Amino acid sequence: MLDRPLAPPPVEVIVAVTQALHREARLLDNEDLDGWLAMLGKDVSYRLELKSRRFRADRSPPFPLGPGVIFNEDLGRLKMRVDRLKSGFVWAEDPPNYIRRAVSNVEVLATRADNEVRVHSVLGMHRNRIDGTTRLLTAGRTDLWRSEGSAWLLAAREIVLDHSVLPDSNLNAFF
Amino acid sequence: MRFERIGREPDYSRYMDLKEGWLDRRIFSDADIYEEELYRIFARSWLFVAHESQIPNSGDFLTTHMGEDAVIVARQPDGSIRVMLNSCPHRGNKVCFADAGNTRRFVCNYHGWAFDTAGDLKGMHEEYCYDAGDIDFKNHGLKNVAKVGNYKGLVFATFNSDAPSLEAWLGDFRWYLDMILDNEEGGTEFIGGCIKSVISANWKFGVENFIGDAYHAGWTHDSGTRSMNNGQPFPPIDMDNSYHASVNGHGWEFGTEGVGDLFLLGRPKVMDYYNKIRPKMAERLGEMRSKIFGSVASASIFPNVSFLPGISTFRQWQPKGPMQFELKTWVIVNKNMPDDIKEEVTKGVMQTFGPGGTFEMDDGENWENCTTVNRGVVTRHERLHYRCGIGRQIEHDTLPGIVYRGQYNDANQRGFYQRWLDMMTHDEFGKMPARPEPQLGNVGETRDLPGLFAL
Ligand code: FES
Ligand SMILES: [Fe+2]
C-alpha cells in the first residue's frame, strides 16, 4: 500500500471532537467526574511522563523506565482516583479548589482507522487552592479519540507537562 | 490579649525543650535561623548527592544541590566519583545546566572556560588574552568538596573537612539502613529518573514527617487508603510491637509485621517477591530485620533524605529558602530483582507516592499551611506540641539507637530536633554528644553482627 498522506477528517468530525474537548474541560472544572468517566473508552490509557533536561549533544541512553512517570493509568485506576476524590475524606479539597481549564491549539488529524482521530491540543490549567495560592500549569496533549455510536470517546492521552520542576506540591487534577 | 514582641533568642536552646516536648514555631520560617542552618547544618553534614547507579560510566554526571549550593557529581575515568561546585571560578556562572548525562567537558556559557569531569580547568576561549602569570590553571578548577563517601551505593559528600567518616556519621543507623540497602545480594539501584516538585514549606516538615510521623497516615491519607483498599480505613497500629529508633538525628519508625507498606504499595507481585526472598533476608540480616522490612515504616537520614522501605520511594528535601523546598524523588529497587518486578515497583510508587499518587497528594498542603500559618506575628510565639509518647522509651535487646515503643510517637522527631540543636549550638564537630553512645562502633558490617543484634 502506498503511504500517502491521509485526507483531513470531515469538518463535522473536527467540530464534534473539538466540542468534546471543550465539554470534557467543563465537566472536570465542574467536578462532574462521573460525566467525565463516561467520556472515556473502556481501554483508555492516560499517561503523563516528565522529561529530564539534557544537553542536545548528549548521546547517552535514556533511563530504562523513563525519567519519571506521574500518571500511567487505565480506566480502573482512573475510577479509583475519582472514588478517592468523591470519598469525602480528601481534606485538601474541602472547601473545593477552583480549577479552570482552557483548551486550545486543537488539531484533529485522520488516522488509518475510520472511526479514530489523532488530536493535538494545549491545556492551560489555573488552580486556586484552599489556602489561596494560585498556580498556572501548561501541558501539551496528544490524544486518540474514537467514535462509538453517537459519541466520541477518549481512547488514549499522552500528556507532556511544560515544567521540569513541578511548580506545585501535587497533581491531583486531571489534564 | 497581651503578647510580648520577642526578637531572636540569644541561644538556640531557647527554641525548644525536648524533655518537655515543645518547639518554637519560628524555626520554620525565620530567615536568620534558615541562613544559620545553611552554614551550621548543610555546610557541615554529610549530604546525600547520588546513588552510584545513576552514574555508572566514566563521564556520567548529574547536577544537584548541597544545601543551596549547586554541585556536579561526576564519575571519573578511574571509577571514582567527584563532587564539585557547579559554579565557574571566573565570574561564578553555572557551568552545567543539564540534569544528567554523559560528557567529557563542562564548558561555561559566559567566556568559555572549559573543565574536565574532575573539575580541572583545561582551557578557555581566546586563551592568548591571558599573559604569563595571569592565571594558574591548577588553582582555577571547579572547587571540589572536602570529602566524598559511598555507603552501599548511596553517595554522600560534605564541605566539612572535619567531618567524621561517613561510616561514623551513619553510625548504628547502618543497622537499619541495611534493611533497604542490603536486604538481598547485589544491593540496590535507582531506576528511572528523578521527579522534582516545589513545595512552599519549610524543609524540616518533610524530614520530620518521614522520620516518625506514622500518626498522620491514617487521617491525612484516609481517602487514599480507602480508595486503594475497598473502602477500608487504615488498619490500627500494634502499639506493643512497633517502634521509633533514633540515632544522631537519623530515625526509623516501624512495625514488625513485615507486610504493611508492601500492602500499601498495592502491587501483589511485589509482595510475593519479598515473601519469597524473606527467608534469605533473615539469614542475611537476622530474624528481626526480616520482620521489620516491609512493615508500615518510614525513615529519614539526617539532615534531609527520607524513604519508605517496602514502598521504595526515596527522596530528598532540598532547602530553597525558609519557606520553600524542592522535593526530589526516585525509585529504589534491588539490583537483582527481575525486570518485571522492578517495573511493578515503579508503577506502585508512581501510583502511591509520586506527585500524582494516591497518598502523596495529601501531604504537601499540610506542610505548606503549617509553614505559612506558623509565621503569623502572634502565632509564631506559640509553642508546638511534640510530646506524644514521651514516657515510652525502652531498652531493647535487639534494636540499636534510642528506642521508643509504639509507632505513633513524636520520639524520632524529638531526636531529629535534638540533633538540629546540637549542630546549631556546637562550633566544634567533635564536641557534639553522641545520641546514643554507639553500640555497634567496631562492627564493620552489620551482616556480621555477633550476639543479640544479629537476632
Ligand atoms: S563566568 Fe565562566 S567563563 Fe566567565
Ligand atoms: Fe504522608
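Domain bounds here come from an automatic or database domain assignment. For chain B that assignment gives domain 1 (45-147) and domain 2 (185-429). The model is predicted, so local features need pLDDT of at least 70 and side-chain atom pairs count only at pLDDT 80 or more, while totals for chains, interfaces and linings use all residues. Residues are numbered from 1 along each chain as its sequence is written, chains are lettered from A in the order in which they are written, and side-chain values use heavy atoms, with hydrogens and water left out.

Taken over C-alpha atoms, the centres of domain 1 and domain 2 of chain B lie 33 Å apart. In contact (heavy atoms within 4.5 Å) are 13 residues of domain 1 and 18 residues of domain 2 of chain B. The two domains of chain B bury about 1,200 Å² between them, 49% of it on carbon and sulfur atoms; buried area is the accessible area (1.4 Å probe) that two parts lose on being put together, summed over both. Of the area that domain 1 of chain B buries against domain 2 of chain B, 41% comes from Ser45(B), Phe48(B) and His51(B), more than from any other three residues.

One salt bridge is counted between the two domains of chain B, where the term requires a side-chain nitrogen of Lys or Arg within 4 Å of a carboxyl oxygen of Asp or Glu. Asp99(B) and Lys196(B) form a salt bridge, with their closest N and O atoms 3.1 Å apart. On the side of domain 1 of chain B that touches domain 2, β3 (47-51) and β4 (60-66) are the elements giving two or more residues; strands are DSSP runs (E, at least two residues), numbered from the N terminus.

How values were computed
Helix = DSSP H or I, 4+ residues; strand = E, 2+ residues; numbered from the N terminus.
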